[in-house]
Amino acid sequence: MPLVPHVPLHAIQARALSKIVTDASGSLTILDDINLTVDRGETVAILGASGSGKSTLLGLLAGLDVPSTGSVQLLDQELFALDEDGRARLRARTLGFVFQSFQLLPHLTALENVMLPLELGAGTVTGDGAAAMAVDLLARVGLRERLAHYPTTLSGGEQQRVALARAFVARPAVLMADEPTGSLDARTGEAIAELLFELNRETGSTLMLVTHDATLAARCARRIFLQAGRIVGGDA
């Protein structure tokens, strides 16, 4: 009898998650006892005032940072049982991330930036295949004529479109976005939000986003509110 592939029920599970930093002035609790479950295919917005711990939480859920206490499972894999290289490999296979500051590599063209996740992934798509997928997605976000442009020659809105294409090109199971419209003007931000949800519907990925934008958050099925590092509202 053939084995039935394991399909994780949950995209993300965080248990008793905290982050405490210490400097010369003492200890600061950034996140305090966060418990959160996100099912596959859900769309979730994380809201709260500046300094409430939103971006720190997203970074921990992606394994980009290490918690002081607690655990995170990403698609049933215990993130912090892995070393840094192991977490990076897991992200390459399963996760797309859109940074507020874009985080495009300045020495790579738009096309090369979007190809990067495919080249760093499991190696199933390389060379001409990776280039074709990247070109197709850049065309989808309206940048077919900007393939050879470097980030410094692109506007903020164009850079965010490249970042979106890069996040979606490997069709990740989970996509996280940190203030995806926060540094853009209202019109460009609205266009980026539309692209984000359109691509998310097509790929069927789980979407988690940090935002101050109530209109953007309202498009998500769930909203979670943070205050001083703790969940104070919404449905976790």
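The following conversation goes through selected features of a predicted model.

Student: Where do we begin? How many aromatic pairs are there?
Tutor: The count comes to 1 aromatic pair. Its partners are Phe97 and Phe99, whose ring centres lie 4.5 Å apart.

Student: Which kind of pair do Phe97 and Phe99 form: stacked, edge-to-face or tilted?
Tutor: The pair is tilted, with 35 degrees between the planes. That label applies because planes under 30 degrees apart count as stacked and those over 60 as edge-to-face.

Student: And Phe97, is that buried or exposed?
Tutor: Phe97 counts as buried, because its relative accessibility is 12% and the cut-off for buried is under 20%. Phe99, at 26%, counts as partly exposed.

Student: Which way does Phe97 point from its strand?
Tutor: Phe97 belongs to strand S6, residues 95-98. Leu95 and Phe97 point one way from S6, while Gly96 and Val98 point the other way. All four of these residues are buried.

Student: What does S6 pair with?
Tutor: S6 is joined by 4 bridges to strand S7, residues 174-178, and the two run parallel. Within S7, Met176 stands opposite Phe97.

Student: Changing topic: which strands make up the open sheet?
Tutor: The open sheet has 4 strands in the order S2-S1-S4-S5, with antiparallel pairing. Its edge strands are S2 (26-39) and S5 (77-78), each of which pairs on one side only.

Student: How many bridges link S1 and S2?
Tutor: Strand S1, residues 10-23, pairs with S2 over 10 bridges in the antiparallel sense. For example, Gln13 has Thr37 in S2 as its bridge partner.

Student: What does Leu74 touch, beyond its sequence neighbours?
Tutor: Leaving aside residues within four places in sequence, Leu74 is in contact with Ala11, Ile12, Leu79, Leu90, Thr94 and Val174. As for Arg87, which is 13 residues away along the chain, its C-alpha is separated from that of Leu74 by 9.9 Å.

Student: Now the helices. How far does H5 reach?
Tutor: Helix H5 covers residues 156-168 and spans 19 Å from its first C-alpha to its last. That is close to the 18 Å expected for its 13 residues.

Student: Why is H5 described as largely enclosed?
Tutor: The reason is that 11 of its 13 residues are buried, so H5 is largely enclosed by the rest of the structure. The buried residues include Glu158, Arg166 and Phe168.

Student: Last topic: which residues have the most contacts inside the largest nonpolar core?
Tutor: They are Leu138, Val162, Leu196 and Leu209, in a core of 39 residues. The elements that each supply at least two residues of this core include H5, S7 and helix H6 (186-203). Another core, of 28 residues, lies apart from it, and Ala11, Val72, Leu75 and Ile224 are among its members.

Student: And what does Leu138 touch?
Tutor: Not counting residues up to four places away in sequence, Leu138 touches Ala110, Leu111, Val114, Leu143, Arg144, Leu147, Val162 and Ala165.

Terms used:
Residues numbered from 1 in each chain as written. Predicted model: local features only at pLDDT ≥ 70, side-chain atom pairs only at ≥ 80, totals over all residues. Heavy atoms only, no water. Phe/Tyr/Trp six-rings, centres within 6.5 Å; stacked < 30°, edge-to-face > 60°. Buried < 20%, exposed > 50% of the residue type's maximum accessible area, 1.4 Å probe, protein only. Pairing = 2+ DSSP bridges. Expected span 1.5 Å × (residues − 1). Contact = heavy atoms within 4.5 Å. Core = buried A, V, L, I, M, F, W, Y, C linked by side-chain atoms within 4.5 Å.
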